[in-house]
Amino acid sequence: MNIPNHLFQFINNLCPLPEAVLIELVSRSRKVELDKFDYFVKEGEISREIGFLEKGLVRAFYTNDDGREYNKTFIASPNFIGSFASIITGLPNKLPQQALTKCIVWKISTIDLDRLTDKYPEVERLRRRMAEYLFLRNEKRELEMALLEAQDRYLILLDEFPGIETLVPQYHIATYLGISPTQLSRIRKKLAKKVPNR
């Protein structure tokens with residue numbers, strides 16, 4: 001089985017799968033590499049694939065009417081990616097997903113996933129757990145944006161995505177936090193005084 005151990009563990013923690021089911025899931029998946037700035041799904045596309053992110057960091061973002069980009073979320077491996085709203089509704093995707101580093105992704109078409117779902121009840125359970133996982137992740141993010149100060153949100157980001165400051169430009173982090181790059185710079189300077197090595 002070619003799937004790496006950490007990705008297998010992520011899937012198994014989400015929903016334990018019998019080895020035969022996992023083997024078939026992998027056999028129907030295609031391993032692809034995304035270069036930095038490549039898109040997994042673009043705005044306006046109707047999404048017909050989901051991906052299991054083996055390696056790398058991806059952002060989901062939107063662009064306002066003035067052309068400014070705002071990062072909704074970062075997705076670090078191991079994880080899954082894809083426009084689930086587009087898959088469910090059949091409508092064009094509104095949140096492009098772009099690689100911020102080199103990425104390795106195992107892609108599977110929704111047609112193949114549907115066939116596996118019909119064949120194995122465990123795949124239906126996996127899809128439900130994926131939906132629950134996304135719901136909880138989005139709710140956590142919404143609560144942080146509504147209830148926490150920017151500095152607290154920044155510290156949570158550093159904890160959840162170790163080393164992100166060395167991987168992406170500061171303006172990406174600022175838009176994710178809902179603040180300006182200048183505000184982020186002030187927060188970083190303030191924290192640096194408390195923790196000299198930060």
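Modeller: A residue counts as buried when its relative accessible area is under 20%. Please keep in mind that this is a predicted model.

Colleague: Is Cys103 buried or exposed?

Modeller: Cys103 has a relative accessible area of 2%, so it is buried. Cys15 is likewise buried, because its relative accessible area is 1%.

Colleague: How many disulfides does the structure hold?

Modeller: A disulfide is a covalent bond between the sulfur atoms of two cysteines. The structure holds zero disulfides.

Colleague: How should I read a nonpolar core, and which residues of the largest one touch the most other members?

Modeller: The largest has 24 residues, of which Ile11, Leu17, Leu25, Phe52, Phe80 and Leu126 touch the most other members. Two or more residues come from each of α1 (5–14), α2 (19–27), β3 (49–55), β8 (103–109), α4 and α5 (121–147). A second, separate core has 18 residues, among them Phe74, Leu157, Val168 and Ala174.

Colleague: What does Ile11 touch, if residues up to four places away in sequence are not counted?

Modeller: On that basis, Ile11 touches Ile3, Pro16, Leu17, Phe52 and Leu126.

Colleague: Where is Thr117 placed, and is it buried or exposed?

Modeller: Thr117 lies in helix α4, which spans residues 110–119. Its relative accessibility is 14%, so Thr117 counts as buried. Apart from neighbours within four places in sequence, Thr117 is in contact with Val123, Glu124 and Arg127.

How values were computed
Residues are numbered from 1 along each chain as its sequence is written. This is a predicted model: local features need pLDDT of at least 70, side-chain atom pairs count only at pLDDT 80 or more; totals for chains, interfaces and linings use all residues. Side-chain values use heavy atoms; hydrogens and water are left out. Helices (H or I, at least four residues) and strands (E, at least two) are DSSP runs, numbered from the N terminus. Buried means under 20% relative accessible area, exposed over 50%, partly exposed in between (1.4 Å probe, protein chains only). Contact means heavy atoms within 4.5 Å. A nonpolar core is a set of buried Ala, Val, Leu, Ile, Met, Phe, Trp, Tyr and Cys residues joined through side-chain atoms within 4.5 Å. A disulfide is a pair of cysteine sulfur atoms within 2.5 Å.
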